[in-house]
Amino acid sequence: MLKYFFITLLYLGSLNAQGFICAVGGGSEDYGSWSDDPYGWIVDKGDSGRVVILYYGDATNWLPNYFVSLGASNAYNKKISTREDADLQATYDELITAKIIFLKGGDQWQYVKLWKGTKTEDAIRYVFENGGVVAGTSAGAMILGDVCFSAQYSSPDSRTALLNPASSSLSLDDD
């Protein structure tokens, strides 16, 4: 009887699996710098698996090479710059095979505008819910929460935001 109870607990535990989130920032990444520790943690928690670096624009190979230098089996950039591309089944199928999804910095409104409510968003959630790592830096980090500053209208400085937290320039988005 105890054996069946233990197996049931293992099964139930696997139904509620979840992964890891890493919001990174602090300057430009570089070999042997501050970024080695958090990015190494990302690779470690992702079982040194494949990294897909999502962005809405063009990207260099520096970041994929950096992840590989930290132990990832492979890494590559994936440009998703239209809602149509973000909602393709092929995009979803590709992304859910990653162990790590990394969102580059840039303009967080582009991420919200292009990916919210699409198969890309579903795939990001799938990777997390199945034990993978979802990480981001700068704008990529800002959209990882349930509520984010979307920067739809502008990006006020901290002082301005604190003086008028109800300002329309402080656009928030959820999900």
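Mentor: We can go through the core and then the aromatic rings. This is a predicted model, in which local features need pLDDT of at least 70, side-chain atom pairs count only at pLDDT 80 or more, and totals for chains, interfaces and linings use all residues. Residues are numbered from 1 along each chain as its sequence is written, and side-chain values use heavy atoms, with hydrogens and water left out.

Trainee: Ok, which residues have the most contacts inside the largest nonpolar core?

Mentor: Leu54, Leu95, Ile101, Leu103, Tyr111, Trp115 and Ile124, in a core of 22 residues. A nonpolar core is a set of buried (under 20% relative accessible area, 1.4 Å probe, protein chains only) Ala, Val, Leu, Ile, Met, Phe, Trp, Tyr and Cys residues joined through side-chain atoms within 4.5 Å.

Trainee: And which element gives the largest share of that core?

Mentor: H6, with 5 residues. Helices are DSSP runs of H or I, at least four residues, numbered from the N terminus.

Trainee: New topic, the rings. How are the planes of Tyr111 and Trp115 set?

Mentor: At 50 degrees, with the centres 4.7 Å apart, so the pair is tilted. Rings of Phe, Tyr and Trp (its six-membered ring) pair if their centres lie within 6.5 Å; under 30 degrees between planes is stacked, over 60 edge-to-face, the rest tilted.

Trainee: What about Trp62 and Tyr66?

Mentor: That pair is stacked, at 4.8 Å centre to centre and 20 degrees between the planes. Tyr66 is buried, with a relative accessible area of 0%.

Conventions:
Buried < 20%, exposed > 50% of the residue type's maximum accessible area, 1.4 Å probe, protein only. Helix = DSSP H or I, 4+ residues; strand = E, 2+ residues; numbered from the N terminus.
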